[in-house]
Amino acid sequence: MKAAIDAGSCIGCGLCANDCPEVFEMNADKAIVKGPVPAGKEDACKNAAANCPVQCIKVE
Ligand code: SF4
């Protein structure tokens, strides 16, 4: 499973890095994807995508 962020839409709220720090981290005022979703973190990653206030995270 992989996550991707539309950086142009990210408002830097930090929710995703809080929900799933194994995949997302903050870099200045935007979130970035650290790497592939680790085993066992799929649900946390999906929750982070669902909770993103601007729906700019894609998970596939
Ligand atoms: S939850 Fe969405 S808007 Fe907030 S930091 Fe993450 S990608 Fe950006």
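Visitor: Which residue takes a positive phi in the hairpin of strand 2 and strand 3?

Guide: In this predicted model, Ala-28 takes a positive phi near 60 degrees, in a hairpin that has 2 residues between its strands.

Visitor: What makes strand 2 and strand 3 a pair?

Guide: Strand 2 (residues 24–27) and strand 3 (residues 30–33) run antiparallel and are joined by 4 bridges; two strands pair if at least two bridges are found between them, so these strands qualify. Within this pairing, Met-26 has Ala-31 of strand 3 as its bridge partner.

Visitor: Which residues are in contact with Val-23, leaving aside its neighbours within four places in sequence?

Guide: Val-23 is in contact with Ala-3, Val-33, Lys-34, Val-37, Lys-41 and Cys-45. Val-23 also belongs to the largest nonpolar core, which has 12 residues, including Ala-3, Val-37 and Cys-45. Helix 2 (residues 42–51) gives the most to this core, with 3 residues.

Visitor: How many nonpolar, polar and charged residues does the shell around the ligand have?

Guide: The shell has 12 nonpolar and 2 polar residues, and no charged residues. Of the 14 residues around the ligand, those that come nearest are Cys-10, Cys-13, Cys-16, Ala-31 and Cys-52. Cys-16, Ala-31 and Cys-52 are also listed among the residues of the largest nonpolar core.

Visitor: In what order do the elements of the chain run from the N terminus on?

Guide: The elements run β-α-β-β-α-β, and the secondary structure comes to 2 helices and 4 strands.

Visitor: Why is the chain described as being as compact as a globular protein of that length?

Guide: The radius of gyration of the chain is 10 Å, and the globule rule gives 10 Å for 60 residues; the two values are close, so the chain is as compact as a globular protein of that length. Taken along the principal axes, the box that the C-alpha atoms fill is roughly 30 × 20 × 15 Å, while 20% of the 60 residues count as buried. Among contacts between residues at least 6 apart in sequence, 55% join residues at least 24 apart.

Definitions and conventions: Residues numbered from 1 in each chain as written. Predicted model: local features only at pLDDT ≥ 70, side-chain atom pairs only at ≥ 80, totals over all residues. Near = placed C-beta within 6 Å. Nonpolar A, V, L, I, M, F, W, Y, C, P; charged D, E, K, R; others polar. Core = buried A, V, L, I, M, F, W, Y, C linked by C-beta atoms within 7 Å. Buried ≥ 20, exposed ≤ 12 C-beta atoms within 10 Å, placed from the backbone. Contact = placed C-beta atoms within 7 Å. Rg over C-alpha atoms; globule rule 2.2 N^0.38 Å.
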